[in-house]
Amino acid sequence: MDRPLLLPLASCTQPSLVGGKALGLARLLTGGFAVPPGFCVTTEAYDRALHAPGFSSVEQWQAALHSSGAERQRILAHCRAIIQNYDIVELTTQIIEQIRRLDMPLHGPWAVRSSATNEDGAYASFAGVYLTRLGIPLEEIGAAVKDLWLSIWDERVLNYYAASGLSKTAPTMAVVIQPLLEAQSAGVAYSVHPLTGRVTQVMVNAVAGLAAALVDGSATPDQYVVEVNENSQPVRINERTLVGQTQALRMTNEGLRSVPLLGETVGCAVLSDGQLFALARAAKQIEKAFGHPVDLEWLYDERGLWLLQARPISGLVGPRRLTNDDCEWSRANFKETLPELPSPLGLSFLEQFMERYIVAPYRRLGCQIPEEISSVRVFKGRPYINMTLFYSLIAQLRGDPSVLTEQMGGEVLARPPAIRPLGWLALARTGIVMMAEMRKAVHHGPAWFVEMKAMAAEHRADRLQTVSGEDIALRLNALAQWLDERELTFGIAGGVAQCLQALGRLLPLWLGEDWRALLNGALQGRAAVISAQQIVRLAEIADMVRHDPSALSLFTGEGWDPGEVRRKLEGTEVLHAFNRYLDDYGHRGVGESDVMSPRFSDRPELLLSVMRTQLLAPTSATPADILQRQTIVREQALAEIRARFGWRFHRWAIFSWWYRRLCRFFALREANRHHLMYYSAATRTLLLRLGEWLVQQGRLASPEDIFYLTIEARADLMAGGSRDWQGMIQARRAERDHDATMTVPDTIRDWREVVRGTDTSSIVGPDGVFRGIPISGGKVIGPVRFVRSMEDWTRVCRGDILVVSVIDPGMAPLFGVAAGLVAEMGGTLSHGAIIAREYGLPAVANVSGVMASLKEGDQISLDAERGEIIIQVRAGATA
């Protein structure tokens, strides 16, 4: 049976007959997606054009591949001549008849696109290598088809073949013919993020009008990243990079022309949120139908969304390693124990504490944590905890990461990472290590807590007045060493988590939906939590005042002055009790995890005012009332739990064991924090004394300046560092004052969005960093090499970073020697950009003014993951 010359798009199911593009369109039609009507001129027509006596296209292709220079050009010219001499009249007649069957106006214009047999494959896209003709009138259809046939026999096709390592089989050319739609906007959509491989993000590039200029790299698109949920439904727009478009490529009476945008459309986003969501939804649906991530060419006209192409995302190697920018961050946990704006020293200690005493132990357990991932990040002076990291750690240990939000607060993770849990053997080893940590906390905790309390007493301010700065520094180092050897937080937290995980799995099955309320009730007043005891202690003092008329009058009388009240209470049992309370709890405070935060002992009037409030209340619970209420609630909850277990006595035995263990670790957890604050109080007193000494030395302006130095900076200062310390502290104070005026979110799901904002059209920042659109990931450093024409090719050296106006696909041979690529214009839809990603060449596009700002030979760093270029050394300057 003769092979057909023409086929409707819906019938294009044989790759060798219709090529990659037509095959993708047929699959879209089968899936029920909107595709402009059209048909395919099959490879049979191309084969007939090359049919000549004694001529073999396969042999000629092989000969061209293995030749170079003049001989290659001779072979290519010979093959092109055969095609040019082919009489296409009969085929043109058949094409026009097929167009009539589309039931569309014959006058066009028409789009004539290549569909080679090696095009749009999983390993090589041939993006921009073959020819496309747009806006073709009916009478020129035949000539346009012949132009596409000719584009196979081209030097850059052979070069692409050689660089891609493809099989040497000769390609053949089919052609797709469709009406040219009147585009309001057009572009490309990737069903997964092409740079990060993140499957929950759809990247969209868009221009006003037709996308032809985008394809050849001469137009810069708006770029969007749409977040989708686990059901592939769009939920938010994470990134919106607008370039301020002023032109649109449209079909006019003179042919394709760039025309100015009018009115309110100038400089605005070319896609609405609704259109973006529709595109993202379609991309994920097509990905599911095709069974792999897809790169879609799309178009919006007045009727809606049309799909013009669907192909695999070539060069996609899977998700890259997680980075901080990929993680979700929350102020939960930190916000509870730190002031709104922690001091620079407080932030420094927090980062060190998390790394040494939380993250490092997880590594010792065998958890995989990329070195570039941190547990803490700071935005506008506020610390955020890495929720993605801790989700992954729990999942690696085969725990239930869904409880993370419940236990820590904040919002549910929107993008749970894919996690490979530890193997069972590794998990068994982890269990042994973790049990040792827990036993250490239970066995050594009480003794070490006593030592921490003694630290605060030993380092009272009145005992440090004559101590030198050098000695203070030695004492601070000794305290740090002590904590390194005795820190218990990880083991205690592990004990609490273990108990909650066990009870969280058993009690819902045994007790029902209200198991949490019952467990919470059972824990009231049971764990002897030291932090809770201070409430009872203060109530006891208030009760003493209530039974002392003279003391009561001081607290409840007019003209409240807590300082005066304390002076008048001198020698009374009330003040003795209050001072004993300060001995036990005066080292605590609001925002106490920051050593800069004042303690209750610094501001006892706060506690006295609390007591006054209790005493002025019409009714106030006595300590006995508090303890009785706790006992009743606890006993009622335990009784209800036992009743629900019924005759299943083994359940009560199991519950009781875990319950007692949970109570023990809850008590340890709070005792640990309480006594760590003694450690913190000792450190705070030493730091303030060090600040006084540095003021005496003329190195600081005030003792409190010490809190504006990080741990590393303080060490440098004490080692004799010659920086302008007072100037640096002034700058940090000013920055902190500015941060205080800023409002920040409690959750950051995309760090780049919150840092850069939703409109990133400002490319060159005031910090001297050039910013553009990331095209292909990687980080390199190298010299600038301008490539303005092919005349510059001979000057390119290995390791150069090419700086160009646009990414021409024909530059592909240079990619093999270059270290990186920077383009003034373009986006991820540029075919040159697609090729750069396939080769893995670090590349950034849309870097406005970069060619005028850089000089040949400048040493620059290119961070193609963040889209940033920084000048390291100017050409001619010494490093």
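I started with a buried pair: Glu328 is buried, and Arg749 is buried too. I am working on a predicted model. I checked the contact between these two side chains. Glu328 and Arg749 form a salt bridge, with the closest N and O atoms 2.6 Å apart. I then looked up where the partners sit. Glu328 is in the loop between β13 (304-312) and β14 (329-330). Arg749 is in the loop between β17 (747-748) and α27 (751-756). The pair links distant parts of the chain, 421 residues apart.

Next I ran the search over the whole structure. I got 44 salt bridges.

Arg546 and Asp543 meet in a salt bridge at 3.1 Å, N to O. Both lie in helix α18 (residues 530-546), 3 residues apart, about one turn of the helix. I looked up accessibility. Arg546 has a relative accessible area of 28%, so I logged Arg546 as partly exposed. Asp543 comes out at 21%, which also counts as partly exposed; the cut-off for buried is under 20%.

Then I went to Arg795. Arg795 forms a salt bridge with Glu856, the closest N and O atoms being 2.7 Å apart. Arg795 lies in the loop between β20 (779-786) and β21 (801-804), and Glu856 in the loop between α30 (850-853) and β24 (859-863), so the pair ties together parts 61 residues apart in sequence. Arg795 is partly exposed at 31% relative accessibility. Glu856 is partly exposed at 27%.

Methods
Residues numbered from 1 in each chain as written. Predicted model: local features only at pLDDT ≥ 70, side-chain atom pairs only at ≥ 80, totals over all residues. Heavy atoms only, no water. Salt bridge = Lys/Arg side-chain N within 4 Å of Asp/Glu carboxyl O. Helix = DSSP H or I, 4+ residues; strand = E, 2+ residues; numbered from the N terminus. Buried < 20%, exposed > 50% of the residue type's maximum accessible area, 1.4 Å probe, protein only.
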